[in-house]
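Subject: Structure for your review

Dear colleague,

Please find the structure below.

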Amino acid sequence: MAGIVVVFDFDKTIIDTDSDNWVVDELGATDLYNLLLPTMPFNTLMDTMMKELHARGKTIQDIKEVLKRVPIHSRIVQAIKSAHTLGCDLRIVSDANTFFIKTILKHLGIRECFSEINTNPGIFDDEGRLRIFPFHDFQLSSHGCERCPPNMCKGLIIERIQASLVNEGKKRMIYLGDGSNDFCPSLKLNKSDFMMPRKDFPVWELICKNRSLLECGVHEWSNGEDFERILLQIINSIILEDDTYKNGTLNLFSSMEFKAFESITMAAHHEALPKVLRVPH
Ligand SMILES: [Mg+2]
Ligand SMILES: [Zn+2]
């Protein structure tokens with residue numbers, strides 16, 4: 001293993017849209033969605049929308065077909081495959097739901113690249129209606145973070161992952177996201193970690209305004225090409241920095257991983273990392 005954990009947001013990070021909006025729009029329920037949006041928490045709204053779609057006769061298969069057409073940049077699929085081949089531990093932290101995410105990842109052929117998917121449970125009931133439950137049951141207790149929506153604090157999930165890594169030796173984290181709820185986890189990253197905010201999206205704006213609150217390195221990205229190039233360059237730089245690698249023992253890699261490392265990083269090897277995000281303090 002490369003000693004690197006890469007954590008991805010899902011909507012507008014791995015896929016190029018919001019999966020909740022995509023399903024609602026494609027199945028023709030946008031009007032009701034807009035009507036209900038101001039009246040209830042988002043998580044409850046999606047559960048209600050799935051009830052409505054079920055009442056309108058939409059089936060599991062209908063939802064699956066719509067999910068398979070979700071827009072995604074091909075370089076992002078390739079980037080995920082490359083990071084996985086390089087031995088990184090890939091995880092998802094998302095406010096979508098397990099059904100949407102797993103259906104899309106399986107369709108793209110990258111489900112097995114991820115060791116963990118942290119998201120709201122999405123489960124079909126006996127009648128074939130998709131139920132969407134909160135990741136954190138806010139009816140029982142609050143997660144206590146004021147920055148985050150009641151059903152999920154991504155920062156707490158990052159802290160849980162960090163705690164679980166303590167026994168596995170030195171690990172470094174790279175986090176990619178776009179939304180305002182990706183700001184809380186970016187505050188948990190350490191000096192040796194990296195945040196990759198999507199440029200001109202809410203988390204990028206929050207980081208620009210509050211750069212001094214983040215300890216980690218920050219590298220912005222805009223599109224699929226950036227996503228692939230910058231992610232692989234950061235992985236590349238971490239691997240090259242690693243003492244074990246410097247000593248020439250290469251025991252972080254299997255020979256297959258090392259071959260992949262050589263070929264994947266060859267193209268980007270001579271390019272310097274893009275400039276770190278410079279913002280006025
Ligand atoms: Mg997102
Ligand atoms: Zn939080």
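Two strands are said to pair if DSSP finds at least two bridges between them.

Six strands make up an open sheet, in the order S3-S2-S1-S6-S7-S8, with parallel pairing. At its edges are strand S3 (114–120) and strand S8 (217–218), each of which pairs on one side only. Strands of a sheet pair through backbone hydrogen bonds, either parallel or antiparallel. Strand S6 (residues 172–177) and S7 run parallel and are joined by four bridges. Across this pairing, Ile 174 stands opposite Phe 194 in S7.

In a regular strand the side chains alternate between the two faces of the sheet. Strand S7 (residues 194–197) may be inspected with this in mind: Phe 194 and Met 196 point one way, while Met 195 and Pro 197 point the other way. All four of these residues are buried.

The nonpolar core

Which residues have the most contacts inside the largest nonpolar core? They are Val 6, Ala 83, Ile 174, Met 196, Leu 231 and Ile 235, in a core of 65 residues. Helix H10 (residues 224–241) supplies the largest share of this core, namely seven residues. The core lies between domain 1 (4–16 + 72–120 + 134–266) and domain 2 (19–68), because both domains give residues to it.

Leaving aside neighbours within four places in sequence, Ile 174 is in contact with Ile 4, Val 6, Asp 193, Phe 194, Met 196, Leu 231 and Ile 234.

The annotated positions

The UniProt annotation "binding site", taken from an unreviewed entry, covers Asp 20 and Asp 95. These positions are spread over 76 residues of sequence, yet they cluster in space, with a largest C-alpha distance of 9.6 Å.

Are these residues buried or exposed? A residue counts as buried if 20 or more other C-beta atoms lie within 10 Å of its own. Asp 20 has 21 such atoms within 10 Å and is therefore buried. Asp 95 has 26 and is therefore buried as well.

Asp 20 is placed in helix H1 (residues 19–26). Residues up to four places away in sequence not being counted, Asp 20 touches Met 46 and Ala 96. Asp 95 belongs to strand S2 (residues 89–97).

A partly exposed lysine

Lys 51 is located in helix H3 (residues 42–55). Lys 51 has 15 C-beta neighbours inside 10 Å, so it counts as partly exposed. Although Lys 51 and Arg 131 are 80 residues apart along the chain, their C-alpha atoms are separated by 7.7 Å.

Confidence

The mean pLDDT of the protein is 90, and 85% of its residues reach 70 or more. Over residues 248–255, however, the pLDDT is below 50. Beyond near neighbours in sequence, this stretch has 13 contacts in the model. Where pLDDT is low, the predicted coordinates should not be read in detail.

Yours sincerely

Methods
Residues are numbered from 1 along each chain as its sequence is written. Chains are lettered from A and ligands numbered from 1 in the order in which they are written. A nonpolar core is a set of buried Ala, Val, Leu, Ile, Met, Phe, Trp, Tyr and Cys residues joined through C-beta atoms within 7 Å. A residue is buried if 20 or more other C-beta atoms lie within 10 Å of its own, exposed if 12 or fewer, and partly exposed in between; C-beta atoms are placed from the backbone. Helices (H or I, at least four residues) and strands (E, at least two) are DSSP runs, numbered from the N terminus. Domain bounds come from an automatic or database domain assignment. Two residues are in contact if their C-beta atoms, placed from the backbone, lie within 7 Å. pLDDT is the predictor's confidence in each residue, from 0 to 100. UniProt positions are given in the numbering used here, feature names are shortened, and annotations may be inferred rather than shown by experiment.
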